[in-house]
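Notebook open, model loaded. I want to go through the contacts between chains and then the ligand site, jotting things down as I look them up.

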Amino acid sequence: MKLVVLMKRLPDLVEDLEVDDSGKALDAEFLKFTLNEFDDHALEEALLLKEATGGELTVVAVDGEDVDKMLYTALAKGADTALKISGTGEIGSTSHLARIFTQSLADRSYDLILTGVQAADDRDGQLAPTVAAMIGAPCIEVVTGIEHEAGKLIVRKEYSGGVLAEFDVEPPAVLGIQAARQTPRYAPVSKVRQVQESATLETVTLAADTGKSFDIIRMTPPETGAGAEMLGGVDELVKVMESKGVL
Amino acid sequence: MGNDILVVAEHLGGTLSDTTFELLGMAKKLASQTGGSTVAALIGGDDTMLSQLGAADLVVRVGGGEIADFNPEVHGAALEAVVAAKQPRIVLIGYTSMGMDLASHLAVKADLAAASFAIGIEAGDSVVVTSQLYGGKMNVTTDLGSGPCVVSVLAGSAPADDGRAHGPPASEDLAVPPTAGKIRFRRLIEPEAGDVDITAQDMLVAIGRGIGNKDDVEVAEALAEALGAAVAGSRPLIDAGWLPKTRQVGKSGLKVSPKLYLALGISGAPEHIEGMKSSSTIIAVNTDKHAPIFNFAHYGMVADLFDVCEELTEIVEEKKG
Amino acid sequence: MLTTPEKIAFILLVLVCGALAFTGFRRIFQIVGRGKSAPRTDHLLARVTRALVDVGLQRPMFKARPWVSLFHAFIFFGFSFYLLVNINDILEAFVDGWSTIGGGPLASLFNLLSDVFSVFVLLGMILLLLRRFVQQPESLRFNPAVKLHPKVAQGWIKNDSLIVGVFILLHVGSRWLGTALHLAERGAGDPWLPTASVASRLFAGMSVGTLETGIHVCWWLAMGLIVLFLPYFPRSKHLHLMVAPVNLALDKRTPRGELEKVQDASHPGAATLTELPWPNILDSFACIMCNRCQDACPAHASGTSLSPAALEINKRYFINEHAAELAAGNGSASLLDFAITEEAVWSCTSCFACVRVCPVGNEPMTDIIALRRGMVFAGEMPDEVAEVLRSLDEKGNSFGDSARKRAKWTKPLDFKIPDARKEPVEYLWFVGDFASFDQQCQEVSRTVARILHQAGISFGILYEGERSAGNDVRRVGEEGLFEALAEHNLETLESCDFDKIFTTDPHTFNALKNDYGPYAGASQYDIVHYSSLLLELLRSGRITLAQPLDGRATYHDPCYLGRYNGGFDAPRGIIGACGVDLVEMPRNRENSFCCGAGGGRIWMKDQETLVERPSENRIREALELGEIDYFVVSCPKDLTMYRDAVKTSGNEGKIEVRDIVDLVADAMGLGEEEAVA
Ligand SMILES: Cc1cc2nc3c(=O)[nH]c(=O)nc-3n(C[C@H](O)[C@H](O)[C@H](O)COP(=O)(O)OP(=O)(O)OC[C@H]3O[C@@H](n4cnc5c(N)ncnc54)[C@H](O)[C@@H]3O)c2cc1C
């Protein structure tokens with residue numbers, strides 16, 4: 001089976017996010033990027049599938065800060081090919097990103113494209129269903145389990161309350177991964193460094209294309225503690241609990 | 001393009017979801033702004049569902065029992081057909097597991113402008129949507145132009161009561177469009193019955209990734225025991241196997257509304273908030289003063305959850321004698 | 001003395017047994033040679049001299065079990081002398097008329113020594129056999145979860161002990177009896193052979209023929225047996241008498257706190273026996289299976305399946321079983337299959353107690369590090385470890401916190417700590433992860449800052465330029481990440497202007513002082529632990545203690561300050577200077593007991609086999625001292641470990657865990673830190 005994992009970087013939410021002077025974007029000075037955690041799950045699920053059924057795994061990402069390391073890490077974990085897309089310019093939306101990914105995959109064959117179920121900056125929609133609609137492939141979001149059986153895929157999708165639905169899916173297909181069957185593996189730095197020396201990243205250069213992106217009017221942090229009355233200590237907390245009759 | 005607002009009715013196991021009514025309430029408000037009407041798309045639904053969609057001016061029915069079980073391919077094509085037939089200005093879809101399969105698909109296929117993670121929509125000359133991005137750390141307001149557009153709305157963004165009205169509305173039928181059959185529904189798998197029903201508790205001690213370590217779940221258990229509460233948690237803890245699935249609160253977990261929801265080390269991602277925002281009293285403890293959870297809690301405290309747990313457990317135990 | 005057929009028989013025996021023994025020894029040589037290379041052949045003269053002195057004085061023995069060590073010394077000195085005795089006995093057998101009895105002063109001295117040493121050996125051996133077979137001490141047993149080679153589980157160590165014990169008793173006993181028979185034959189005792197003379201009386205009046213037969217039987221039992229025993233040596237733990245001195249001579253000579261570098265980056269660590277460095281293979285031949293390392297091991301004491309002794313023993317039994325294949329370069333079973341459980345690999349706290357206490361110079365801990373290196377490279381590690389490593393890789397700290405928040409702990413201070421990246425300072429404070437991010441430790445860090453500020457010391461920190469020093473990263477087996485962290489930190493340090501580095505964290509201290517050495521190139525830094533710095537400030541009068549304290553305290557030596565780096569006296573000096581009475585716990589200084597947090601254990605969950613956490617065990621030890629007010633520590637991890645342990649062991653209020661700097665602050669009258677608003 002030929003597997004493709006689409007990966008993207010996101011601002012690390014552990015950091016304090018600040019808005020820049022335009023009032024419409026995150027202040028780049030305070031940004032630290034990290035792999036979208038759901039994409040990490042998608043990669044893990046792809047690796048597990050590859051290990052179970054054999055096949056070839058390609059990871060794809062758009063160039064940017066630390067993207068090389070992200071791709072080498074995926075290679076160190078067991079991906080066979082890493083594809084870096086450059087020349088795209090600033091990416092403004094999910095649909096823009098989806099178009100870039102589909103273009104870069106245009107002359108490749110694949111059975112299954114995996115990516116994270118969502119990203120924290122999905123302003124205009126999710127990557128998996130957008131890519132799927134663009135290439136005309138079936139797509140399922142919120143996937144927590146994939147099995148490959150006799151040319152078809154058995155896919156588990158999660159609803160609320162822990163209810164799961166099971167589908168048969170005919171490849172080629174796109175799946176948005178919510179959680180891999182196991183915690184995403186860790187790639188030891190020594191291995192990543194070694195891969196960095198021995199492997200090369202494939203690159204494709206696409207023409208800049210700003211895509212259809214809608215104007216951001218403003219970006220604001222939700223007012224801190226908008227609703228919450230801030231308490232100074234556990235004693236105050238106890239008082240609140242008493243006043244609410246729960247203690 | 002007309003001025004109508006189209007709502008996608010969502011159902012599972014024969015029941016319409018709360019989100020459907022939230023969206024209907026929202027749609028009615030928007031329709032009054034655009035001067036259009038509120039249309040609901042009921043795909044694979046039945047008459048009982050139809051009778052509950054009284055808030056809509058018109059319900060477009062596509063198929064019935066034969067496509068009752070959600071199928072992204074079939075339901076996606078059906079929705080495309082509805083949109084093609086009705087040409088609404090705004091399509092509202094819940095940001096739910098099913099909604100995620102439909103919204104972006106529709107946006108591409110029907111060439112609609114799109115917004116996700118929405119918590120508020122205004123429809124004037126243009127449609128302006130506020131989305132809660134970055135795990136709830138930023139609100140981003142986008143101008144989608146005049147339309148048509150599709151917006152996926154976070155659950156709990158509007159009161160469901162505004163969208164509940166009985167009496168079967170006017171309805172019309174559309175044929176189920178043919179599809180290639182690349183996705184086939186197999187079955188639903190219900191979760192195994194849980195040890196504790198967290199939806200029936202008066203008090204929940206809810207823990208998130210801030211707990212850091214599987215062993216430290218004990219600390220929360222001790223507090224819960226002292227309080228006579230149950231322990232619930234955010235999704236990452238369940239994914240890591242630190243708590244059973246039956247304890248998960250949120251979008252893909254359970255919706256709870258206890259008297260007291262004590263959120264310890266939970267950042268307050270929209271998917272979590274969805275499951276607990278209707279609790280009577282929410283108290284949040286987090287070391288990060290910018291944690292979005294403080295925007296939803298009634299009371300907040302910037303502190304280490306372990307210190308709070310420990311001190312509180314002691315005080316509660318003392319009070320009990 | 002021997003008849004001609006006897007002589008021929010003896011020579012034949014020597015030839016056959018010698019050949020067999022030779023094959024055995026050659027195999028050992030080949031098997032050890034299959035190991036990975038390791039730098040152990042420098043300073044050969046110094047190595048040999050030290051080993052001879054150590055062995056000659058039996059020094060490594062007396063680190064533990066003094067009585068047993070004394071009995072061992074009896075046997076050791078006796079056996080050493082018996083080399084001469086054996087030569088003499090062969091001469092006696094083959095050279096007609098050769099005898100030392102009734103000889104000149106030298107012969108008489110020889111006789112006296114052989115007589116006395118015979119008794120020493122017999123006495124020592126009998127006592128040790130009684131200990132092993134009658135007393136059966138707990139320390140010779142393993143935790144139920146410990147992985148044991150099937151033969152070990154069947155009790156083969158005991159069998160081996162019995163064989164060796166009986167051999168020694170027979171060998172020395174027969175020789176001694178033989179002498180008594182000689183004396184009986186002569187019809188008179190010899191004052192130079194006092195005990196044999198006493199024994200000879202038992203045989204007075206026996207016929208010459210009987211005595212002569214007895215003498216021959218005794219000679220064969222003494223000398224024949226030793227030859228017969230030769231081929232058994234390579235299989236027996238008794239081999240230690242030859243390998244231990246060699247092993248001691250080929251010890252690792254670099255600082256204790258410096259791990260050996262990975263040799264082959266594409267294949268780090270070890271999964272199989274022969275992937276270990278050769279000295280680690282040699283260890284199993286030196287091992288006498290005394291379990292002293294197990295006694296000292298905090299992981300074994302807490303009930304887990306880790307026993308450093310079992311590791312060495314299993315290796316040896318595996319080698320015995322597969323010697324031919326291994327010698328030929330085959331036989332690549334995973335160490336996890338026969339030597340140690342996966343749980344045990346992750347139970348090690350890297351406290352160094354096993355290495356320090358080993359009388360034959362073994363380093364079981366480094367086997368575990370090698371295993372971890374291999375496992376981490378293959379991606380096999382507990383989820384919690386993976387999580388922390390990921391955070392260390394991405395954010396430079398183990399707390400998963402933003403790198404930018406590293407210096408957040410300084411905010412409540414009413415002065416700003418200089419940024420050592422921007423201005424020259426005398427002391428560069430390398431704060432470390434725990435002291436920066438853990439809330440309890442942050443308070444201690446602020447106290448350190450306030451004291452130094454008050455004393456007018458020029459010091460600065462690196463703010464977000466600092467990353468974890470990587471001590472525990474290295475011990476968890478993630479060599480690549482350790483190198484990345486070290487390179488980053490060294491680069492940052494390189495750009496700063498300072499005289500000395502200090503840190504409160506012994507783990508950081510060790511990494512900077514020892515592990516960074518080979519990476520730092522020309523810029524070798526001067527690094528001190530804050531205990532030394534504070535003591536120096538006290539002595540020089542830059543800090544004055546206006547309000548000496550009273551009360552009784554005990555002090556816990558952190559592994560990475562004490563055992564690893566010899567920092568025993570400064571913290572004690574500080575405690576004394578503060579006016580507090582110091583009461584030592586039985587396990588102190590070199591023999592200190594680990595808190596259980598080292599080697600990355602602090603990131604991992606308790607093992608399922610856990611019975612009592614090492615930290616709780618230690619608190620129990622402190623409480624057994626009687627009225628103690630303070631349990632004093634000088635390591636951020638210790639602070640959190642022991643405060644936890646006091647609570648989890650239900651001893652809250654009975655003892656207070658305090659950092660040395662808290663004592664200093666109190667004695668200075670600095671007062672409590674203002675509550676943080
Ligand atoms: C389709 C879908 C469905 C989902 N369904 C759910 C769902 O049902 N339920 C759910 O919860 N999530 C759900 N999620 C996941 C959701 O997006 C978030 O990832 C998740 O809620 C985050 O959990 P958290 O708050 O525990 O972790 P984090 O976001 O990592 O937050 C941890 C918080 O702990 C704080 N903290 C750290 N240490 C301490 C300390 N010592 N003391 C106090 N505070 C501390 C940190 O400041 C941080 O704010 C879903 C996601 C998707 C895509």
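This is a predicted model: local features need pLDDT of at least 70, side-chain atom pairs count only at pLDDT 80 or more; totals for chains, interfaces and linings use all residues.

How much area do chain A and chain C bury between them? I get about 1900 Å², with 45% of it on carbon and sulfur atoms.

**Entry 1: chain A against chain C**

I looked up which residues of chain A give up the most area here, and they are Val14(A), Tyr186(A) and Arg193(A), which together make up 33% of what the chain A side buries. In terms of contacts, I find 22 residues of chain A touching 25 residues of chain C.

Next I went for the charged pairs. There are seven salt bridges between chain A and chain C. I looked at the one that joins Asp393(C) to Lys69(A), where the closest N and O atoms are 2.8 Å apart. I also have 13 residue pairs in polar contact between chains A and C, counting pairs with both residues at pLDDT 80 or more.

Which elements of chain A give two or more residues to this side? They are helix H2 (67–77) and helix H5 (189–198). H5(A) has the largest share, with five residues. Sorting the chain A side by class, I get eleven charged, seven nonpolar and four polar residues.

**Entry 2: chain B against chain A**

Chain B and chain A bury about 6800 Å², and carbon and sulfur atoms give 60% of that. I find 79 residues of chain B in contact with 79 residues of chain A.

How many salt bridges are there between chain B and chain A? I count eight. I wrote down Arg235(B) with Glu158(A), whose side chains meet at 2.5 Å, N to O. Polar contacts between chain B and chain A come to 35 residue pairs, again with both residues at pLDDT 80 or more.

On the chain B side, helix H4 (residues 97–109) gives the most, with eight residues. By class, that side of chain B has 38 nonpolar, 22 charged and 19 polar residues.

**Entry 3: the ligand**

Where does the ligand lie? I find it between chains A and B. It has 29 residues around it, and the closest are Ser234(B), Val249(B), Ser252(B), Ser267(B) and Asn286(B).

I then checked distances from ligand atoms to side-chain N or O atoms. For Ser234(B), a ligand oxygen is 2.5 Å away. For Gln248(B), a ligand oxygen sits at 2.7 Å. For Asp304(B), the ligand atom is a nitrogen, at 3.5 Å.

How much of the ligand's accessible area does the protein cover? On its own the ligand has 990 Å², and the protein covers 86% of that. I noted the elements that give two or more residues to the shell: helix H1 (37–53) of chain A, plus helix H6 (235–239) and helix H7 (270–276) of chain B. Split by class, the shell has 14 polar, eight nonpolar and seven charged residues.

**Entry 4: a salt bridge inside chain A**

I picked out Glu45(A) with Arg181(A), at 2.8 Å from N to O. What does this pair tie together? Glu45(A) is in helix H1 of chain A, while Arg181(A) is in the loop between strand E10 (173–177) and H5 of chain A, so the bridge links parts that are 136 residues apart in sequence.

A reminder before I list them: most peptide bonds are trans, and most residues other than glycine have a negative phi.

I found a cis peptide bond from Pro171(A) to Pro172(A), with omega near -5 degrees. Pro172(A) is in the loop between strand E9 (164–169) and E10 of chain A. In chain B, the bond from Gly147(B) to Pro148(B) is cis, with omega near -5 degrees. Pro148(B) belongs to the loop between strand E9 (138–143) and strand E10 (149–153) of chain B.

Last one for the page: Ala150(A) has a positive phi of about 45 degrees, though it is not a glycine. I place Ala150(A) in the loop between strand E7 (139–149) and strand E8 (152–158) of chain A.

Conventions. Residues are numbered from 1 along each chain as its sequence is written. Chains are lettered from A and ligands numbered from 1 in the order in which they are written. Side-chain values use heavy atoms; hydrogens and water are left out. Contact means heavy atoms within 4.5 Å. Buried area is the accessible area (1.4 Å probe) that two parts lose on being put together, summed over both. A salt bridge is a side-chain nitrogen of Lys or Arg within 4 Å of a carboxyl oxygen of Asp or Glu. A polar contact is a pair of N or O atoms within 3.5 Å; within protein, one must be able to donate a hydrogen and the other to accept it, and residues adjacent in sequence count only if both atoms are side-chain atoms. Helices (H or I, at least four residues) and strands (E, at least two) are DSSP runs, numbered from the N terminus. Ala, Val, Leu, Ile, Met, Phe, Trp, Tyr, Cys and Pro count as nonpolar, Asp, Glu, Lys and Arg as charged, and the others, Gly among them, as polar. A residue is near a molecule or strand if one of its heavy atoms lies within 4 Å of it. Accessible areas come from the Shrake-Rupley method with a 1.4 Å probe; for residues, only the protein chains shown count as cover.
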